[in-house]
Amino acid sequence: MTFRVAVAGGGAVGVTTAHDLAVRDADVTLFERDELASGSSGRAAGVCYSHFPNPVDARIARRSLSRFREFAAAREDFEFTSCPYVWFAHESDEERCDRLGEQVERMNATGGDVSRVTPAELEADFPALRAADIGAAARADDAGYTEPATYVRAMGEAAREAGVTIEENAPVRLDDDGNLETPRDAGAFDAVVLTTGVQTQKLLADAGIQIAMKPYRVQALTTEKAAASDEIPMTYDATEGFYFRPRKGGLLVGDGTELFERDPDDYPEDADDEFVETNRQRVARRVAFEPRVSRAWAGMCGATPDYDPLVGEVRDDLFVACGFQGHGFMRSPGIGELLAKQVLGETDFDAFDPTRFRGDEEFEIVEGLS
């Protein structure tokens, strides 16, 4: 008998999970309340790296990078650009400088290939990067970037090719018993998977299920083309708390994390003027050209008490994947694969068990990259 699965949520994790279920012979229907990539994935930064100090995170991130590259090599509608990732603390920030060294050791212990670098080495390798005030820095070459919306659409097409039925403009809800209600009666499903990001909390609440996740707002901007932008790595300034990466001849600059909860259906979708000007000035001090802002926006992320996501079964045959602390897109190929295997009983992976919390815990939101 064919195993029928409903996946709700057409972002990066959702389309990957649906695809991976279908290639394992499940009968899959994906429901997206708007269009594919219209939610958080479409507003993500597209920074991807594999260096994490936690062994589970590192394994999932490495698998994700490998799948991104394999997918790009196999398709004409998706590109992935390999690019070094650099992060640093200012010389005046002694505490973070000390922690950076410890972090590098832990990352290499989990199989990473991360090295300490000096300011002089950074400027020699990346002439457009200003590094004179850097006190400690690290570099990882197993990294890269892409445009998240293009991945979602390409993987969505791959899912269709594998047999997935994709229903766009099709919002769903759970009834009191946790059964999925769809706009057009699709019949009964053997399993339901919610890859609905920050909307997951509201969907589960209708079925009387609580999860320990808080939606919060983040911001980003892009700059116009600049001749020297190709000489810049993906970069995270741990002291000032912002990042940037090359993008179409310019830069994508982000963070702007708000450390308080937001309603995912009612938040400012344009970036704040203060965020834009502050980060324009930050970038101007760090690179050898004057950045000119072309676009600025805000998106939503989900926080959890221990900063790890909620991935797995919350009730019999009801699965979730959410609360990624801003690291959801970069890990979506690995998470989607694991989730598909969980649904089909092919793995007992439980490192991110969503029931490890009661759901009513009090906790503070923490910026993901920190």
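Predicted model: local features only at pLDDT ≥ 70, side-chain atom pairs only at ≥ 80, totals over all residues.

**Exercise 1.** Determine how many aromatic pairs the structure holds, and classify the pair formed by F68 and F78.

*Solution.* The structure holds 14 aromatic pairs. For F68 and F78, the separation is 6.3 Å centre to centre, and the angle between the planes is 35°. Planes under 30 degrees apart count as stacked and those over 60 as edge-to-face, so the remaining cases are tilted. The pair of F68 and F78 is accordingly tilted.

The next step is to locate the two residues. F68 lies in helix α2 (residues 55–74) and F78 in the loop between α2 and β4 (81–82), so the pair ties together parts that are 10 residues apart in sequence.

**Exercise 2.** Are F68 and F78 buried or exposed? Classify also the pair of F68 and F80.

*Solution.* Buried means under 20% relative accessible area. F68 has 0% relative accessibility and therefore counts as buried. F78, at 3%, is buried as well.

The ring centres of F68 and F80 are 5.6 Å apart and their planes stand at 10°, so this pair is stacked. It links distant parts of the chain, since F68 belongs to helix α2 and F80 to the loop between α2 and β4, 12 residues apart. Like F68, F80 is buried.

**Exercise 3.** Identify the rings over which the charged ends of R4 and K214 sit.

*Solution.* The charged end of R4 sits over the ring of F189, 4.5 Å from its centre. For K214, the ring is that of F363, and the distance to its centre is 4.6 Å.

**Exercise 4.** Describe the open sheet formed by eight strands, then state which helices pack on the sheet.

*Solution.* The strand order is β6-β7-β5-β14-β15-β16-β13-β17, with mixed pairing. The edges are β6 (114–117) and β17 (293–303), each of which pairs on one side only. From one strand to the next, the twist averages 20°.

Strand β13 (residues 214–223) and β17 are antiparallel and share 10 bridges. The bridge partner of T222 in β17 is R295.

Helix α3 (residues 94–109) packs on the sheet and touches β5 (85–90), β6 and β7 (134–140). The direction of α3 makes about 150° with that of β5. Helix α7 (residues 273–286) also packs on the sheet; the strands it touches include β13, β16 (250–255) and β17. The direction of α7 makes about 125° with that of β16.

How values were computed. Residues numbered from 1 in each chain as written. Heavy atoms only, no water. Phe/Tyr/Trp six-rings, centres within 6.5 Å; stacked < 30°, edge-to-face > 60°. Helix = DSSP H or I, 4+ residues; strand = E, 2+ residues; numbered from the N terminus. Buried < 20%, exposed > 50% of the residue type's maximum accessible area, 1.4 Å probe, protein only. Lys NZ or Arg CZ within 6 Å of the ring centre and 35° of its normal. Pairing = 2+ DSSP bridges. Axes fitted to C-alpha atoms, helices over the stretch in contact; angles between N-to-C directions. Contact = heavy atoms within 4.5 Å.
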